[in-house]
Structures are given as C-alpha cells and as structure tokens.
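Colleague: I have just opened this entry and would like to learn how to read it. Could you take me through it feature by feature?

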Amino acid sequence: PGEKYEREGWEVIWIGGFTIAFGLIAAGVIYKPDTRIRTWARQEAEKQMREEGDSLEYKTTAYKA
C-alpha cells in the first residue's frame, strides 16, 4: 500500500522471454504449412484430373425452394 514495488533483475528477462516465445509459437502455428491428408489427396486428384483432361468445374443449378 505505501511502498513502491521494485522489480528484481530476473523478472524483466523472464517476462521478455515468455513474450518472445509466445510470439514465435503463435507465428509458427499461424503460418505452418497445411499437411492434412485431405488437402494432399485433393491436390493429387486435381492433378490426375488435369492430366486425363477432365473438367474441374462443376455446373450448378439455381436452388428453388
């Protein structure tokens, strides 16, 4: 209440280290490559369809309720 808090020397390093580590982990999670099997399978299927000359576009019809 009446005293001003005085930080110890290790506190600044600890807080800075955790902040940097959190930032690096967050960036790694956000920018990690898409390694899902479903994505790989879709890319392979599209490549195979292009090689065989099949169309990748689907015709859509208007939905009428």
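Modeller: Let us begin with a term: helices (H or I, at least four residues) and strands (E, at least two) are DSSP runs, numbered from the N terminus. The expected span of a helix is 1.5 Å times one less than its number of residues. Before we use these, note that this is a predicted model, in which local features need pLDDT of at least 70, side-chain atom pairs count only at pLDDT 80 or more, and totals for chains, interfaces and linings use all residues. Residues are numbered from 1 along each chain as its sequence is written, and side-chain values use heavy atoms, with hydrogens and water left out.

Colleague: How many helices and strands does the chain have?

Modeller: The chain has two helices and zero strands. Helix 2 covers residues 37–52, which makes 16 residues. From first C-alpha to last, helix 2 reaches 22 Å, close to the 22 Å expected.

Colleague: What span should helix 1 have, and how far apart are its end C-alpha atoms?

Modeller: Helix 1 runs over residues 9–30, and its 22 residues should span 32 Å at 1.5 Å a residue. The end C-alpha atoms of helix 1 are 33 Å apart, which agrees.

Colleague: What share of the residues counts as buried?

Modeller: Buried means under 20% relative accessible area, exposed over 50%, and partly exposed in between (1.4 Å probe, protein chains only). Of the 65 residues of the chain, 3% count as buried. In helix 1, the number buried is one of 22 residues, so helix 1 lies largely in the open.

Colleague: Which residues make the nonpolar surface patch?

Modeller: Patches are made of residues with over 30% relative accessible area and no salt bridge; like charges are joined within 9 Å, and nonpolar side chains (Val, Leu, Ile, Met, Phe, Trp, Tyr) within 5 Å. Here W10, W14, I15 and F18 make a nonpolar patch of about 490 Å². I15 has its place in helix 1 and counts as partly exposed, at 42% relative accessibility.

Colleague: How many aromatic pairs does the structure hold?

Modeller: A pair of aromatic rings is described by the distance of the centres and the angle of the planes. Rings of Phe, Tyr and Trp (its six-membered ring) pair if their centres lie within 6.5 Å; planes under 30 degrees apart count as stacked, over 60 as edge-to-face and the rest as tilted. The structure holds one such pair. W14 and F18 form this tilted pair, 4.5 Å centre to centre with 40° between the planes. Both lie in helix 1, four residues apart, about one turn of the helix. W14 counts as partly exposed at 48% relative accessibility, whereas F18 is exposed at 51%.

Colleague: Why would such spacing matter for side chains?

Modeller: An α-helix has 3.6 residues a turn, so residues three or four places apart point the same way.

Colleague: Last topic: which side chains meet in salt bridges?

Modeller: A salt bridge is a side-chain nitrogen of Lys or Arg within 4 Å of a carboxyl oxygen of Asp or Glu. The structure holds three. R36 and D34 meet at 3.0 Å, N to O; R36 is exposed, at 57%, and D34 partly exposed, at 42%. In helix 2, E46 and R42 are four residues apart, about one helical turn, and their side chains meet at 3.1 Å. E44 and K47, three residues apart in helix 2, form a salt bridge at 3.8 Å.

Methods:
Areas by Shrake-Rupley, 256 points an atom, 1.4 Å probe, with all protein chains shown as cover.
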